[in-house]
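Please keep the sequence and the model in view while reading.

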Amino acid sequence: MGTITRININNLFWLGRYTERVFITLNSFFKYADKIIEKREFYGKYLDDINVPNIYKDFDDFFDRYVFDEDDPNSIYSNLLRALGNGIVLREEIKTPSLSYLQMAADKFKSCRGTDKIRYDLLPVRDAIYAFWGSVDSNMTDLDALRIIHLGKSVEHVDMLLRLSLPEEETFSALNNLVKHVERYIGQSGCIINKVALSQIKAAIAVPEKLGENRNALIANVEALIEVNFIETAAV
Amino acid sequence: MKRLRFEYSAELQFSGNVSEHCFTLRCLPVSDGRQLIRESRYEIFPNENSKIWFSRDSFGNTLICGRIPEPHDVFSFHISGKAEIINTRDISGFPSAIYGYSSPLTKQGECIRRFYEENKPTAEFPIDRAMELCNSLYSKMKYEKGVTDVHTSAEEALSLGKGVCQDYAHIFLALCRLDGIRCRYVSGLAYESGETHAWTEIGSGSRWYGIDPANNRFISENYIKLCHGRDYSDCPIERGIYLGNSKGVQTVTSTVAEF
Amino acid sequence: MVTPVANSKEINELLARYGVKFGIYKNGNFHEQLFPFDAIPRVISAADFAMLEKGLIQRVDALNMFLRDVYSDKKIISDGVVPEDFVYSSTGFLQQCDGVLPPKGIYSHISGIDLVQAKDGTWYILEDNLRIPSGASYPLIARELCRMTSPDVFREAKVRDNRNYIALLRETMNYVNCGGINVILTPGRYNAAYFEHSYFAEKTGAVLVQNSDLFVEDNVLYLKDYQNGKTRVGTVYRRISDEYLDPMTFLPESLIGIPHIMGAYRAGNVALINAPGNGAADDKGIYYFVPKMIEYYLGEKAILKNAPTYLPFYEDDRKYVLDNLEKLVIKDVSEAGGYGVVFGSDMTKEQLADWRKLITEQSRRFIAQEVIDFIDLPITDELGNTTMHKADLRAFVLSGEKTKVWCSGLTRFSRTENSFVVNSSQGGGFKDTWVLSQE
């Protein structure tokens, strides 16, 4: 192998991140969507918890734009489109069947706007993302490329857990997995690892009981862990 | 015969660092029936981690190509050598048909067509007809720096009525081509000019003849040709592309002297 | 008799699922559109295809010989078959390519030849596309899907399998390869045919690259890999046009090109599919001369006919064009993709006068053709009704060790019932193209 281009490393990483972001957001949204049945004003707390600015006029506006609006950069749908966008430029790496699940997820998602039974209607979207993960794992022939997707997924997973303040044990084991993944595979893959961030994350997991205290610093370190942005500007 | 020593240096100073810099230089003079290059050297900076190689283009020019991946804020090249210039108007090489067709910078517009109609040459042979056109052009144009740039077309320059050697050459080529004469653009060095100079070659039979429209004369033994093409855009002495948002400022010096 | 596939809806759903799209720019914004598929196939009989195959191989071979000639000895010009003017003043002729012999001497590796069938059954060549003809991926994937939705139909009908296109493409890339890997060079995500670029990369195993993945040193082209290593590239199936290919040779402002790639190509160290400069042979003005080329190079009569064409450049032709403008179609030789095509029958009196003036003044810029009343093909609409639309056929001819015609093609149909314009960029759709293996 060894023919992953530098631009593709970036795309693979972000494909993993956005796909995971959509998946986790969808799951947490489903949980809140249940509570919201009786208590509509609850959506403000939800936005606080996931660190999304409350730019919405009211519940209906939130329900429509936060979920479906392509032009709202925080909406679940726009994150799904970003995942799809990264997938489209990776067709030859991830293969057509894998890409088709993201395409189906996006098409289905779009068609649900205005629904009155959102959790039911969006179930196929979640199914498609599950299928996407199964498909990349079984169709991709370049394991280095696959590991970069998983790295993105793992980074996003930790990042979301930290933001959503989910149970500490879950966060702890996710962090451990991330560190393992980075140390075992990523050195060879062309991703650039921020060594300072890695050592600080390791220091943080060494004291699991204090994980909660350093939440913001930890988020910053997780975000900084992998440097894959190849921003190239050109001039004549 | 005249013995000339020549030198040409160009330095490109960038406002910040650039990288992945690729360039093509057409500054190595080659021998033809008129000039005999006895010695030539080139130097390029930065040279650490840079790759330099040779290539050719379809006009017959020798190219120095290069790639400098590392960040740098200055790029310079220097050529020097010795030449013998034979006192002849003939320059070897068959003028192919493509040189009879207008090129991007020599497209004839309204202005050039009108000028041609008003100054139609009367002589019989192409070379004399060309010289007639050169005369008419010389009396119409005023040499002035700073009003045109390297992208100015022949049509634009003639309608301005002003320009530098490159513009004279382009207008002259456009007129000659309208007259059915095959001709080409030449970049080179001229005695005591201090920079590069542009002139032309007019095809007649199986030979080329050098005419310098900016000075309204045949070229003398004091000219050293570097490269040629249908117009300037075919044969810039330096062309480069790089990554980085920096602007480059170029300074050029050249010397041609007898030795 | 064949039973037509009748599952347009299902197949269009599958095409959406697999992201089979093409991009267009509308008011400066990029949009991706599905390419509407109609399931009633175009059927070409075995006998018709045998004739087409022979004619297309003959034509493409002659075009390749023409390209080799005009970029070297130019005998066809000195022998007076094609006027010098039509070669040198064509925007497709690139002086920068003069004297360069591509690997194995092949210029047009992938040729897209557009044909129509007149109502009397005669096939006519509409135009040759020898630069970057696109579209083969659509019928290729559509066949796969049709076989999924209508297996019984394919059991009954004796249709030749067209899924060898990928093998043909790979074979062509390998044949001209100068040592190194195959890559497909795309201008990027926002190109109209990006789907096709990525699909072909996936299927052929070539690496999909953009310009910044490649660099040239010592006249050799390399792919940068993620560890800053380099891998030599032997073939570039490039999907960017000539003028953007190498900022050192063509447009200096091109930011999607690869500096010095022309030097590597000139040195014989990399094959470019298709060769730069092929526009010299698929210019709408040169089209007129293709039957003459076939006679000149091959000593044979052209098997496939050109649509009757007039060059206003010639006085007799100009007179005919000016006298008969209202029944002719006028094409601007410098435009592509269905643009710059106007029908005399659509013009008002004033427009006819304007066009006569324009044609007289710029006679080299236009060609005029008789309007061929080509066949309509049935299209089923959403309600299941059948309407008749104009359709053409883009045949794909691949030139490697041998010249081969893909036993399928892209059948495009016009968006509206009475339109003659079938380009996808103008809103048409496509069909599967069946070549029968026996009568």
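Read along the sequence, chain A follows the pattern α-α-α-α-α-α-α-α-α-β-α-α-β-β. In total, chain A has 11 helices and three strands; helices (H or I, at least four residues) and strands (E, at least two) are DSSP runs, numbered from the N terminus. This is a predicted model, in which local features need pLDDT of at least 70 and side-chain atom pairs count only at pLDDT 80 or more, while totals for chains, interfaces and linings use all residues. Residues are numbered from 1 along each chain as its sequence is written, and chains are lettered from A and ligands numbered from 1 in the order in which they are written.

The radius of gyration of chain A is 18 Å, close to the 18 Å that the globule rule gives for 236 residues, so chain A is as compact as a globular protein of that length. Here the radius of gyration is taken over C-alpha atoms, and the globule rule is 2.2 Å times the number of residues to the power 0.38. Along the principal axes, the C-alpha atoms of chain A fill a box of roughly 50 × 45 × 45 Å. Of the 236 residues in chain A, 40% are buried; a residue is buried if 20 or more other C-beta atoms lie within 10 Å of its own, exposed if 12 or fewer, and partly exposed in between, with C-beta atoms placed from the backbone. Among contacts in chain A between residues at least 6 apart in sequence, 68% join residues at least 24 apart. Two residues are in contact if their C-beta atoms, placed from the backbone, lie within 7 Å.

Chain A is divided into domain 1 (6-141) and domain 2 (144-227), with bounds that come from an automatic or database domain assignment. The C-alpha centres of these two domains of chain A lie 22 Å apart. Their contact takes 19 residues from domain 1 of chain A and 18 residues from domain 2 of chain A. On the side of domain 1 of chain A that touches domain 2 of chain A, helix H1 (residues 6-36) of chain A gives the most, with 13 residues. The residues of that side of domain 1 of chain A divide into nine nonpolar, four polar and six charged. In this classification Ala, Val, Leu, Ile, Met, Phe, Trp, Tyr, Cys and Pro count as nonpolar, Asp, Glu, Lys and Arg as charged, and the others, Gly among them, as polar.

A helix pair in chain A may be examined next. The axes of helix H9 (residues 168-185) of chain A and helix H10 (residues 195-206) of chain A come within 10 Å and cross at roughly 140 degrees; axes are lines fitted to C-alpha atoms, for helices over the stretch in contact, and angles run from 0 to 180 degrees between N-to-C directions. From H9(A), the contact is made by Phe172(A), Leu175(A), Asn176(A), Val179(A) and Val182(A), and from H10(A) by Leu198(A), Ile201(A), Lys202(A) and Ile205(A). By class, the residues of this contact of H9(A) with H10(A) are seven nonpolar, one polar and one charged.

Chain B has four helices and 15 strands. With 259 residues, a compact globule would have a radius of gyration near 18 Å, and the 19 Å of chain B agrees with this. The C-alpha atoms of chain B fill a box of roughly 60 × 40 × 30 Å, taken along the principal axes, and 45% of the 259 residues of chain B count as buried. Residues 24 or more positions apart account for 72% of the contacts in chain B with a separation of 6 or more.

The domain assignment of chain B gives domain 1 (2-86 + 237-258) and domain 2 (90-234), and the C-alpha centres of these domains of chain B lie 24 Å apart. In chain B, 20 residues of domain 1 are in contact with 21 residues of domain 2.

Chain C meets chain A in a contact that takes 24 residues from chain C and 23 residues from chain A. H8(C) gives the most to the side of chain C that touches chain A, with four residues. Within helix H8 of chain C lies Phe200(C), which is buried, with 27 other C-beta atoms within 10 Å. Leaving aside its neighbours within four places in sequence, Phe200(C) is in contact with Ser137(C), Leu169(C) and Ile184(C).
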